[in-house]
Amino acid sequence: MIRVDRVCKTFGNFVALEDVSVDIPTGSLTALLGPSGGGKSTLLRIIAGLEQADSGMIEIGGEDSTRVPPQRRNVGFVFQHYAAFKHMTVFRNVAFGLQIRRTPKAQIRRRVEELLELVHLEQFAQRYPAQLSGGQRQRMALARALAVEPSVLLLDEPFGALDAQVRKELRAWLRRLHDEVHVTTVFVTHDQEEAMEVADSIVVMAEGKVRQVGSPDDLYERPASDFVMSFLGPVTRVDGELVRPHDLTVLRDPTEGAIGGTVQRVVPLGFEVRIDIVIDGVPVWAQLTRQEARRLGVRAGDTVYVRTADHAQVRSLSA
Amino acid sequence: MAKYALRASALIYLLFLLVLPVGVICWKTFADGVGPVVESLSSPSALHAFKVTAQVALFAVLANTLFGVGTAVLLVRHDFPGKRILNALIDLSIAVSPVVVGLALILVYGRFAPVGGWLSERGIDVIFSIPGMVLATIFVSIPLVIRAVAPVLQEIGIEQEQAAWTLGARPWQAFLRVTLPGIRWALAYGVVLALARSLGEYGAVAVVSGRLVDQTQTATLLVEERFQNFDPQTAYATAFAMAVIAVGTLLLINLLRPKEDVQ
C-alpha cells in the first residue's frame, strides 16, 4: 500500500499540494485525474522521491519513505516523454537497472528477453530509441521500469505525447498488462475517459487538493461536488440544476414537471444526436440516441418540453 | 555581376590574409629542401619547446575539461544568486587581452606578491615556470568547453538521469552512464577547440614564462625567438609544424561537428 499523509509542497509562491492525504491499496491500478496544474504530477514525483515534500509523510509498503532517496524506493517510473537512454539499444535500456544491481549476465539476458516479449518488442532489441515510434518507445520505457521488479509502478501522463489511435491501443494494453503483472500502479492523466477506461480507482485532484476518491462508477454516479461531476462527463444546467445531458427527456407536449423551451439546433453526431434548446433565455443541451431523435422528429424553432429522467442524478447549484 | 564581385572580393581577402602568408611559410620552409627542416625540428631546443608546449596544453586541457563540464552542469541545472555574473565572467576570460591576463597572473603569483610569496616559501614557483604557463593557458581557454557542452546539456534535460535514479543508479553513476555519453560529441568538440587554443597561445604565456630558452620556451615562443636571433630556418620549420598541427585539429573539429548528440 502507498500511504500519502498530509503532504504539502510549494514552488515559490505556487502551492502545488495542500494537505494531501490518500491511500492507494496494493495491487490496484489507480489514476490521478485532474486538470493540468492541479498537482497530480507533483504528487507522483513525491511518491517516487524525485521531489521532496515540504511537510507530511509518504509510506510505501508500510515503510516510511519520506526521506528515502529514489534509488532505494524500489519504484518504477515512466515519463511522459519516455526519457529513453538515447545512446543505448533497446536491450541495454531495459537491462540498465539490472546492470546497476550487478545481476549476472545470463540472468539479465533472460529477464530482458522475457520483458521485451511482454511489451512486444522482441524483434527490436538491437535498435536505438530514435529508430522506434512513440508508442514503441513508451513500451520500452515500461519494460525498463518493470525490469527491476518494482513494488510500485508510477506513470506520469504515459500516453500524453502519443497520437489518438496509439493512445487508445496502449490504454487497453496497459489494463491487460496490469492484469498479468499485478504491480501496484499509479498513473497521472488529465483525460477522464482514459482514467475511467483503465483504472480501478480514481483520485480526482484540482488546485493541489484531493477532490474525491472512488471507483469510476462511484465518481460518475455519485460525484461529491459540481467540479467532479463536470470533470468526469458532460453536464448541462436546467432550472438551477446540474444534469447529465443524456438524463434529459425531451417531449413534444406539455407534461407535469417539464419546462418549455425552443429548439435552436439539432446536431446529429453519429450514434447520438445533440439538441440545443433555449429555456427562459438560458442554453441547455440534451443528448438523445438517433432513434429517440427520429421518433421525436423536432426541428429548429419547435417548442419542446424538457424534464429530467426519473433515475437521473441531479445536483442543485448553490450559486 | 554583384554576386561575382562579392565572390572575388572574398577570395582576394582570403588570399592576402591567409593563403599568401601560409604559402610563403611553406615555401620558405622547404626552400633548401627537406634536410634542413628535419635538422632544425630535431634540434634539442625545438624538441624541448614542443615538449613544453605539449605539457602545458595537456594540463590546461585536462583542467578545462573537468572544470568546463562541472561549470556547464552548474549553469544549466542550478539556479543560484550570482549565476549571471558567473556566466559573464566566463566569457570575460576570452575577451581580455592575453597580455593583460599574463600581467594579472604575475601580480598575484609573482615571487613578491602575497600568494606567490607564500607558495615560493614552500618551494613552488609559479611565475617563470610551467605552473604559471598552465594557469595562463587555462585562463585564456576557459569558455571553450563550457560553451560547447552547455547547450547540449540543456537540450537533453535531466529526465534521463532521473530515470536512471529510479532504476537504482547513484547520481554519479547516472551522470557517467547516461549524461556523459549523451554529451560526448559536444565535449570532444570543446576539448579539441581548447587544445587548439592551448597549443597556439602566445601572449599570456610569453609574459608569465619569462622566455627562458630551453626551460620555459614553448613552440610559439621558439618561433619568435629564432626569428629575432637570425635563425629563420628553425622559425619557419617550427611555424610550419604548428600550421600542420592546426590543420589537423581543424579537420578533427570538422569531423566532430556534424555529429548531433540530440536526435
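## Two helices that cross

A crossing of two helices is called left-handed if the near helix is turned anticlockwise from the far one by less than a right angle, and right-handed if clockwise. In this predicted model, helix 3 of chain B and helix 8 of chain B cross in the right-handed way. Helices here are DSSP runs of H or I with at least four residues, strands are runs of E with at least two, and both are numbered from the N terminus.

Helix 3 covers residues 44-77 of chain B and helix 8 covers residues 142-156; their axes come within 8 Å and cross at roughly 40 degrees. The axes are lines fitted to C-alpha atoms, for helices over the stretch in contact, with angles from 0 to 180 degrees between N-to-C directions. Angles under 35 degrees count as roughly parallel, over 145 as roughly antiparallel, 65 to 115 as roughly perpendicular and the rest as oblique. Helix 3 and helix 8 of chain B are therefore oblique to each other.

Who makes the contact? Among the residues are B:G68, B:A72 and B:V76 of helix 3 of chain B, and B:V145, B:V149 and B:L153 of helix 8 of chain B. Two residues are in contact if their C-beta atoms, placed from the backbone, lie within 7 Å.

## Chain B as a whole

Chain B has 14 helices and 0 strands. Its C-alpha trace spans about 65 × 65 × 35 Å along its principal axes. Of contacts in chain B between residues at least 6 apart in sequence, 76% join residues at least 24 apart.

## Strands in chain A

Let us turn to chain A. Strand 1 (residues 2-11) and strand 4 (residues 55-60) of chain A pair in the antiparallel sense over 5 bridges; to pair, two strands need at least two bridges found by DSSP. A:D5 stands opposite A:M57 of strand 4.

Strand 4 of chain A also pairs with strand 5 (residues 63-64) of chain A, again antiparallel, over 2 bridges. Here A:I60 stands opposite A:E63. Strands 4 and 5 of chain A form a hairpin with 2 residues between them, and A:G61 in the turn has a positive phi of about 60 degrees.

## Where the chains meet

How many residues of chain A are in contact with chain B? There are 19, and they touch 16 residues of chain B. Strand 6 (75-78) and helix 2 (90-100) of chain A each supply at least two residues of this side of chain A.

## Reading the model

Residues are numbered from 1 along each chain as its sequence is written, while chains are lettered from A and ligands numbered from 1 in the order in which they are written. In this predicted model, local features need pLDDT of at least 70 and side-chain atom pairs count only at pLDDT 80 or more, whereas totals for chains, interfaces and linings use all residues.
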